[in-house]
Each structure stands twice: as C-alpha cells, then as structure tokens.
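Let us walk through this structure chain by chain, and then look at what lies inside.

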Amino acid sequence: MKSAPTLSSAFLKPAGESLPQPLLALRKERGKALVDMPLPTRKTENWKYSSRHLKLSDELANSLPAGGATTDAAAGGYRIVIRNGVVDASTSVLPQVEGLSVQRFADLTDEDAAELARSLDSTLDTRATQMARLNSARFEDGLLIRLKPDTVVDQPLFVIHEVTATAAGSAFPRIYVDAGRHSGMTLVEEFLSSGDESAMVDAVTEFTLADGARITGVRLVAEGQNIQHIGATGVRQLRSSRFESHCVGFGGPLRRHDLRVRLEGEGAECKLNGVVVTQDKQHYDNHTCIDHMVPNCNSEETYRNIAADESHAVFNGRIHIHKDAQKSNANMNNKNLLLSTGAEIDTKPELEIYADDVKCAHGATIGQLDDTSLFYLVSRGIARREASVLLTMAFINELVAQIPVEQVRNSANERLNQFFDDAFREA
Amino acid sequence: MATTDKEVKELIKREYEHGFVTEIEADTFEPGLNEDVIRRLSAIKQEPEFMLEWRLKAYRRWLEMEEPDWAHVGYPKIDYNSISYYSAPKRKEDMPQSLDEVDPELLKTYEKLGIPLHEREKLAGVAVDAVFDSVSVATTFKEPLAKAGVIFCSISEAVRDYPELVQKYLGSVVPAGDNFFAGLNAAAFSDGTFVYVPKGVRCPMELSTYFRINAANTGQFERTLIIADEGSYVSYLEGCTAPMRDENQLHAAVVELVAMDDAQIKYSTVQNWYPGDEEGKGGIFNFVTKRGTCLGRNSKISWTQVETGSAVTWKYPSCILRGDNSVGEFYSVALTNNYQQADTGTKMIHLGKNTSSTIISKGISAGRSSNAYRGLVKFQPGAEGARNFTQCDSLLIGDQCGAHTFPYIESRNKSAIVEHEATTSKVSDEQMFLCRQRGIDPEQAVSMIVNGFCKEVFKELPMEFAVEAGKLLEVSLEGSVG
Amino acid sequence: MLSIKNLHASVEGKEILKGINLEIKAGEVHAIMGPNGSGKSTLSQVLAGNEAFEVTEGEVTLNGQNLLELETEDRALEGIFLAFQYPVEIPGVSNLQFLRTAVNAARQHQGQAEMNAAEFMKLAKEVSKQVDLDPAFLKRGVNEGFSGGEKKRNEIMQALLLQPKLAILDETDSGLDIDALKVVSDGVNALRAEDRAILMVTHYQRLLDYIVPDYVHVLAGGRIIKSGGRELALELEERGYGWLGIKDEEAAAN
C-alpha cells in the first residue's frame, strides 16, 4: 500500500518565542506528536469530502508577520483585534468589567500559563480534529478569557481575527474561555482578511462552562478567496449550563469548522445553529459532534446550506449518546438547497446511541426551491428572480434572525444579499 | 419489567432451532486458498476456461486487497488459510438427476428446516434451489419453469449450460475487484443460483434458494445472478441457516441483479444464520455484497431483508439506477441480540433521469448487541428529477446495546430531492403497561410491539415469508425483556 | 368484590395515597370525585398494578384474593380493567390484533378455546358499533392518530370485549363533547351487570348525569373524606369542593 502523504516538517517550526515557558513547552510537545502526521485524504473518514480542497503548500508553513493594515470591521462594544494570530493591543478596546479578565497569553504569569497549558486542547477530540492539533504546535499568542462566578457581561465581546495576506503564510489564533459558575457572556468571532497572497488560518477556540454558566458563541467566517480556513471549537459543559452557537459561513477555497460539544453535567443543554452559503468553486465543510455523556441533557441543532454554481458544501453532524446518558433529548436538522447542477452537497447526519431511554431524531433534506411557492409568488406579479431570492432568503432567515447580536445580523445579511445577487444574477 | 427475570432466564437457554448438524459423508478440501485450490475447484465443476481465468484473475487481485475496517463491528482477524473452500456431500454418481437420487439424509435436513424439496409438498407454488455447503443439491419445479422459458438452476450448471449469459453478466454488477469479500467470492465461489427470465415473461411462481452451512471449518461463498429481460417479472427469496458451532464461520456471498427495460426484480431475504451463543461464542460472519442494476428504463429492483442471524453482518444490498424512471427500494428489518453485531444498509446510486428510491430501515437492538444502519444516497449530475425518501428507525431494548445511524447523502443535481428521517425509541413503559393491563404477558407484548415497529417492512415480504419473519423475530427476541 | 384497606402509595418517594378505605360490591357503581392532585388517578393506576407507583402500606383484595401480589397482567386476567385517561399509541400494531391477543389471553385463562381471526372480527365489529366507532378503526394502529374522543370510545369498546369483573374508568369523560359523552355513557351503562362493579374516577359531576352511581366518594389529600349517594355529587357541583374544607387547586388557579 502506498504511504499517505504526511505533514511537511516545515509546518513544525513555530514563531513567537515571547510566550511564557509552560506554553512554549506545550507547543514543543504538541509539535513532536505531529512529526510525520498523515495528511487527510479521501479515505480519512472525517475529511472524505474535503481533503481535495486542502492545499498545504510549503510556503503556507511560514508565519504571517504581526502588524499590517487593519480591515474596517464595524464592531461596537468590547473589541479585540487578533491580527495574524497575535493580539493587537493598540487597536483593541478591552472591556473593564468586574469579574471579567481578558489576557494575552504573552502576558500570563508562569503560574497561570502552567494552568492554561494543562487545559488547552482538553475540549477537543484530537482524533477528529487533526488539523487543529497544528494550532497547538504553532500558536504565537492567544486570549485567555476568564469569568468569575456570577459575572454576567453586559455587551458582546468582539474578537476580530484578521489575516493580512501580503505574503504567503499562516496564522494560528487561539482563544480559551473559562466561564465560572452562573456567569454569562456572548463572544463574537469574526474572521476577515486583506491582501491577495495565499494564506491559511488555523484557529482554535475553547470554552469550559461551569455549573449554570450561559455562554453564546457567534462566528462569522468571511475571509477572502485566497484564504484557507480551518477552525475548531471545543466546548465542555457542566451541570445546568447552556451553550448557544451561531455560525454564519461564506465559502472559500477551503473552509472547515469542527464544533464539538460535550455535555458533562446533568441538565446541560446546547443549541447549535449554522448557515453556510457557497458559490463559484467555493467549499465549506461543517463538522459537529455533540456528546451526551450524562443523563438529562438536551441538544438542538439546525444547519442550513445553500450551494450555487460549482461550489461544494458539506455537513457532518454527529450525536453520540453515551452509555447511561438516559433521558437525553437530541434533535438534529439539516436542510440544503442546491441552486445549480454543477454544485455538490454532501450531508451525513449520524446517531450513535448507547442508552435506551432517549429521544433522538435527525432529519436531512436536499432539494431545490419549492415550485409551488415560486409559482405563487410569480403569480402575484413578483419577478422570477426576486421570487427566487425571497424564497432562498426565507430558507435561512429563521436562523439569521436568531443571532442575538444586531451588528452580526446586519453584517451577515449584507453579505448574504451580495451572495443572492451573485447567485441569481442570470436567473 | 423486573418481574419477568425468571422467564427470561428460562428463555435465554432456548437453543437456536436450526443448530443441528447433519451426519453426512462429504468431500471437503483441506483448508487454504491458492491457485491450485482454485484450479481443482474449477475442475470439479467442469468449468470452461474463461471461468477459471476469471477466478484466477480475481484471486491475484484479491491478494493485493485489504479487508475493510470502516464498519462499526469488531471481530478477530480471519485466517483465510484456515478455511476450507469446498465441501460437498459425497454422491454415488456425478449429479443427482432427480430428487429421488438426492441423499435421503439431505432431504431430511431440509424437511427439518421446514423446506420440503418434494414438489408436491405444501410449499407448492414456490420453486426451491437448495444449496448445502458448497453445492446446489436440488432444484425443484424445473419443468414448469422451463415451459415458461425461465432458467432456474445452480450457477455451476449455468456456467456449463449458458456460458454466454454467464460470461456477459457475471461480475457486470459486482466486479471481482469491487471489495475484499467480493474479490474472495469471485476467486472461490462454489455454487449459488442462476435465474434468467426472458422478455415479457412473468415468472409463474416464487423462486427461492435455501442456503445451509453444515460442515465445520468451511466457508460458504455462493454467488447468485438474476437477469430479468425486458418486461419480465420475478420474485426471488432466500433463506439461510447453519449449525451451532463454537468457531466462527465465514459466509461471503455475492448477489448480482440485472433488470432490463420495464423489468422488475423483487428479492427477499430471511437471514437466520447461527448468531452465536448468549456469550457471543461462535456464529456466522456474514460479509455479503448484494447489488442490482436497473439497466433499463422503467425497471425496478426491490430488496426486502429480515436479518436476525449471524454473529457479524456486513451487508448493503444496493441499487444502481441507471435507466431513466427506474425505481430502487430497500426494506429492512435488522435485529441483533446478545453479542451480535450488524452494520447493514443500502446504497442508492441515481444516474438516470426521474429515478426514485425508497429506504425503510428498522433496526432493533437488544442484549449487548450493536446495530448500525449505514446507507448512501447519491445523485449524479444526470439524475434530473430524481427522488429519494429514507426512513431509519431504531428501537432499543435494554441499556446495554447500541443503535447507530450513518447515512451518507450526496447530491450533484439541483432538481433531485432527498428526504431523510431517523428516530430512536424504546418500548415505552406506558405501552407495556397498557398491554399488560389488558392481560397480555410481557414477552408477547414486546413481540407484538416490535412486530408493529417492523410492519412497513413485513408487508413487503411474500405472504409465506412474512409469517415466518414475524415468528423469527419473536424467537430472536426471547430473553431480551428484563 | 373489591376491598381496599388503609392503602398507602407513593411515587418517586412522595406519598400520594394516605390510607384509602373502600368496599365495592358486585353490581354497584361507585364514583370517586375530588380536586386535581387529590390522588384519584393514582388510585386507579395502583389498582391496575402500574409499577411506577409503590404501595407502602395496606391491602387490596378482589373476591378475597390479594390483588397486590399479582402482576399487572394477572390482575387483568382476574378481571380488573382500567380505561386509561390518556391511552398510549402503539404504532404498527393493529387494534384488531391487539384486542384479539387480549381477548384470547383472557379466554385461555378461563379455559376457553381461543377465537380465530374470523370469529373475532365478527365480534369486534358488533362491539365497535355499540360505541359508534367505524369498524375501520379496528385495522388502524392501537390509538394511532385517534382523536381524544375516539381513544375514549376505543377504551370502552375494550371493556365491552373483555367483560371485566371490575371496570375502573379514569376520567373517561374528559375531552368529550356532549354527543360523544352520551355514546360513551351508553357503553358504560351496557357494562352494568349484577356480577360486575364499576369504579368511575372523575373531576366533574357531568358524567354522573348519564351514568348514575350508587355511591359517591370525595377524595382529597390522599384520603376519602366524605361518602354519600348520588346527591353528594350534585351538592359538589353546586357548592364546589370548598365547603368540605378543601381547596380545589384548579378552581383556585382560575
């Protein structure tokens, strides 16, 4: 048998030596484990549909330099810019909220850094998210966000992940959120880029929610068409905590997001929403995994994909009910619209169940716009193109409307309108 | 339900009822597979040269192949050289010319299994081909079938008597290099059934093959090929059993179906291979490749399976919907108990315009078993107006088992529509209370509720099999209530 | 026929029945009334043998036989029938199949020959007419997609088929319009017989206009606090539960 291609050793040379010692040590250790890591191929189950889009040329092994132009990201409230994986304090507005601490990894004491080093990666399924492991070997900075018990942050915290692709290379942004008992906040992550050289973002965000914590994560992925994006989000939830996730993604040469939620305390619940649109030859792949590890947890998941032109959208949702996780409720729904015969949609809603007293269901559909509805609108004098746009928007509106941050809703809608204009330009 | 523990323990001790061994003189090859063995096998069967060449080519290719490991099952590594690839009841003459010449012990075996081979028996109206270990021992109703122009014989006979049909279609649906087990089968298949229904003929009776593994340390590698020519119709059913043995035995069959324009093939299986004992010891490894091509316009292939046996099942009866307007169907009940493992489902590959497919899968897990549905629905760019509907339901009985659903859905045509639904449930306490309050005992209540769960599939089976399937389910479930 | 002495029962550790005493003789019709949460439904579930409830004290005998040591299905075979307040659905199992299994279990228990499908079909059709159910319902799944009223009529049809010694009707009138109530009541009245007792559990006295009870008991806080004849129900309707010194939670909520 031919041996599978492995990760070029060029990728295992991290930059940014200013991190505290425990984090440098962690990086080194993670890097060692990646020597000769096989790259995903069509036979790698969780990259089955996407490995063909992944192009790891050696020049991407370079670290993108910190600094450079700032994109115009409209964001009010608390705002932190992570440029090419490094926090830019000068353009950030750090929140001054009692009980909330936001620190750069570089600024951590050795003691705090040692504790962080023990926690990093703990929420991820390293087997499933192999590309996220590269982040742990390469991050140059990061944000540690800690919420003291009962701290509820009044406004969303925006993190702008910006890539300035003036040269080829990669960025490895990293965030760790430690939410204390009954704390609450909304974290918005926007992924944007400038510059035309080919670049890669390999971003990892982790959340741990103590008892009763309520955290919302909003993620907008909208980098340029020269950027490959590999993201992983890991969540661990203790008793009666609630995690909400709202992802809006726009296609690119490679777009991948792995979202894994572990419900570890009874009464924990999560709600995961996702919207993806792709056009031209773009790609987007969402992989989610919800682990019900203890009894009496709820999960609700709704993802919608729209693929136009020759683009390719993938959804793989997995619900895993562990042994003894009785009285679990899990619902997963994935609907897809294929706007063109050149496009491709692949979906795989999986259930893996080891407890009998559970309510689990999933539904998936792939189709085109409903003829009857279209005819109804057209018969009322609405132009066919407009009618198509209206119906397509209706397909995802419900999810966009649920995003709890107005600025993100607006910016998502603006981009979606642009998408619809393009997608239906000839209709 | 704890009160039923006592009955449960009694019932668990009940034995697999087809577990007897027939004492019969047999010619059995020494274990192992190599080119020599294949040559001997081919020689015994007096095969034409093309067949031997085909087998050898398949064998050489198989040596390069790897055993698949993606299914949600686990079993000890199989030593393919410890298996005997041929075992046949010894016969006085070459071939039995009529049932009267078949060894009476063998006839008794089939009587015990409830498959009377004598044509006058109660199964009148169903023609049977009986495959015992590596050979077909009897085919009934050949005469009336021949009158209708239907060829129904063992594949060994077909290779000799209808070489042009065999050469044209064998491997046309499942090529020798398709997968590891299909490759092994192509190299070593010993017997199986061949059916050809000519143009415009509606096969006058149900056709059926009954498979029986008897000898120890042998594998069964049967191969079935059914061709339904333009405008024809055939309904075919197969049943399987094996003795209880402590060692695992391998069954690696291949089934190929070809449906021409306007032809219909209905293929039903009631699989009851020995599942192993309650400790998970012994049982059949059932690694089977079944696939049909709807080659012609308006053709239809329908798979119905009731899977209750085998220690490990790896099986995905599939349809390639090539002809425009062709239809594929898959109705399945898979029940696992004790330590059984099943990874089964289907593939519906839509190539032609307005092709449609339906998948109804009912998985029932009990004991410490694992039951997975794995399916692929694929619309290629040419599948204009294609449709699929999939319903996958799992029922869990007890908290030590697993039920899994792995559906792959791929679409590359904008006008194609797929709808997929899956649910998981248990037999609820409320349902049990209602039944028991009406005086129905718990075992019967569970069996009734499970049968109700499977109803959509059972109604697709030919009548005489539907009854058998219901009973089989009941027997297989015994001891699972506790 | 039925004798309940000092019956205590709890669910998930919470005591619901706190010492019920009740004697019912063959041929009698008893009504148990009471505010929500008084334990009415619990009593019927406990008598039928629902294992979700734990009997902690007391005894229940049916014609001298200790009921509490019998399994649910054995109680049914001894003649206990419960018409459920919320009958559960059993998808795929036809009503006909379900009923024949139940009737044959009873016949077998009584040493009678089982009924074959044709015989049973004939009987079932007759009985379904008695409760004004289209015989087509027999072929549908048990309670599958039935309306509330159809479910209740289906319950009474089962009682007519199984001919129990003691029929317990749990809120059989709830969710019925006046026409359906009449049909159901006719069915119940057809059940009245010298060798049979009926125990009706109801919140409202409306049902008692159609099925006239011999005795009425008021259940509150897990105990029977007052017993009387038909007139007690009328008094309750007029004056509510308040005059008995108990609070009707539902009335209070309104």
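Keep in mind that the model is predicted. Chain A holds 6 helices and 20 strands. Its C-alpha atoms fill a box of roughly 70 × 55 × 50 Å along the principal axes.

The accessible surface of chain A is about 16,100 Å², with 48% belonging to carbon and sulfur atoms. Chain A carries 46 positive and 58 negative charges, and their mean positions lie 4 Å apart.

Now turn to chain B. It has 12 helices and 23 strands. Buried residues account for 65% of its 482 residues. Among contacts of chain B with a separation of 6 or more, 83% link residues 24 or more positions apart. Its accessible surface comes to about 17,300 Å², and carbon and sulfur atoms own 48% of that.

Which residues touch the most other members of the largest nonpolar core? They are B:I364, B:V450, C:L2, C:I4, C:F98 and C:M200, in a core of 110 residues. Take C:M200. Beyond its neighbours within four places in sequence, C:M200 contacts C:V29, C:H30, C:A31, C:I32, C:L169, C:L207, C:L208, C:I211 and C:P213. Another core, of 94 residues, lies apart from the largest one. Its members include A:F315, A:C360, B:V195 and B:I359.

Note on methods: Residues are numbered from 1 along each chain as its sequence is written. Chains are lettered from A and ligands numbered from 1 in the order in which they are written. This is a predicted model: local features need pLDDT of at least 70, side-chain atom pairs count only at pLDDT 80 or more; totals for chains, interfaces and linings use all residues. Side-chain values use heavy atoms; hydrogens and water are left out. A nonpolar core is a set of buried Ala, Val, Leu, Ile, Met, Phe, Trp, Tyr and Cys residues joined through side-chain atoms within 4.5 Å. Buried means under 20% relative accessible area, exposed over 50%, partly exposed in between (1.4 Å probe, protein chains only). Contact means heavy atoms within 4.5 Å. Helices (H or I, at least four residues) and strands (E, at least two) are DSSP runs, numbered from the N terminus. Accessible areas come from the Shrake-Rupley method with a 1.4 Å probe; for residues, only the protein chains shown count as cover. Lys and Arg count as positive and Asp and Glu as negative; His and the chain ends are not counted. The place of a charge is taken as NZ of Lys, CZ of Arg, CG of Asp or CD of Glu.
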